[in-house]
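Please look over the sequence and the structure shown below before reading the report that follows.

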Amino acid sequence: MSAKTFVALRVDCDAQTAFDHFTNDIDLWWKAGPRNRLIGNRPGIMQFGEKDGIRTLQEVDKRHPDFVVEAGKVTKWEPGARLSFEWRWPMADANEPVTIVDIRFSGLGNYTRITLEHLGLEKLSAAHPGRNGLNDNRFKPMMTHYWQAHLVSLRNRIKQLSASESPA
């Protein structure tokens with residue numbers, strides 16, 4: 001049986017613009033703080049990086065750009081439609097499996113529905129540090145809240161940009 005989280009919301013822009021804000025502006029909307037960032041308390045920059053033709057979701061230390069923590073490699077990059085990437089908790093043991101975050105951008109007139117599924121949570125051991133000691137009944141809602149907070153932050157960023165671009 002698979003375990004996943006699911007979050008959906010609408011943003012007031014077309015699907016390509018939503019995808020662009022998600023990918024290009026990720027550091028501007030991704031929630032800050034050690035619970036949300038890959039490198040904890042260090043000042044970092046969230047980004048989609050590329051090396052040797054492989055795109056990854058990563059955070060780069062602002063003070064030491066050679067210090068990079070990757071969440072995982074991008075598995076699907078379909079501008080304006082879909083983005084999938086592996087998710088590995090930085091504090092997890094290397095033997096723990098990766099999970100998959102799958103995001104779809106569906107244009108619906110003047111807005112876009114963004115759906116995010118975090119798949120494969122059932123593969124994580126009971127001792128996995130991302131679980132914070134929680135069983136499935138508490139862990140899955142925690143992860144849903146985590147992704148919902150990020151997508152709401154993205155929506156707020158898009159609203160802020162839209163308001164600043166509107167004529168007075």
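How many bridges join β4 to β5? Four bridges join these strands, which run antiparallel; strands are DSSP runs of E with at least two residues, helices are DSSP runs of H or I with at least four, both numbered from the N terminus, and two strands pair if DSSP finds at least two bridges between them. The model is predicted, so local features need pLDDT of at least 70 and side-chain atom pairs count only at pLDDT 80 or more, while totals for chains, interfaces and linings use all residues. Residues are numbered from 1 along each chain as its sequence is written, and side-chain values use heavy atoms, leaving out hydrogens and water.

Strand β3 (residues 54–61) pairs with β4 (residues 68–78) in the antiparallel sense over five bridges.

Gln58 lies in strand β3 and is buried, with a relative accessible area of 10%, where buried means under 20%, exposed over 50% and partly exposed in between, using a 1.4 Å probe and protein chains only. Residues that Gln58 touches, not counting those up to four places away in sequence, include Leu38, Ile45, Val68 and Ala71, a contact being heavy atoms within 4.5 Å.

Helix α3 (residues 136–165) has 30 residues, and its buried residues, among them Trp147 and Leu154, pack against elements including β1 (4–11) and β6 (99–108).

How values were computed. Expected span 1.5 Å × (residues − 1).
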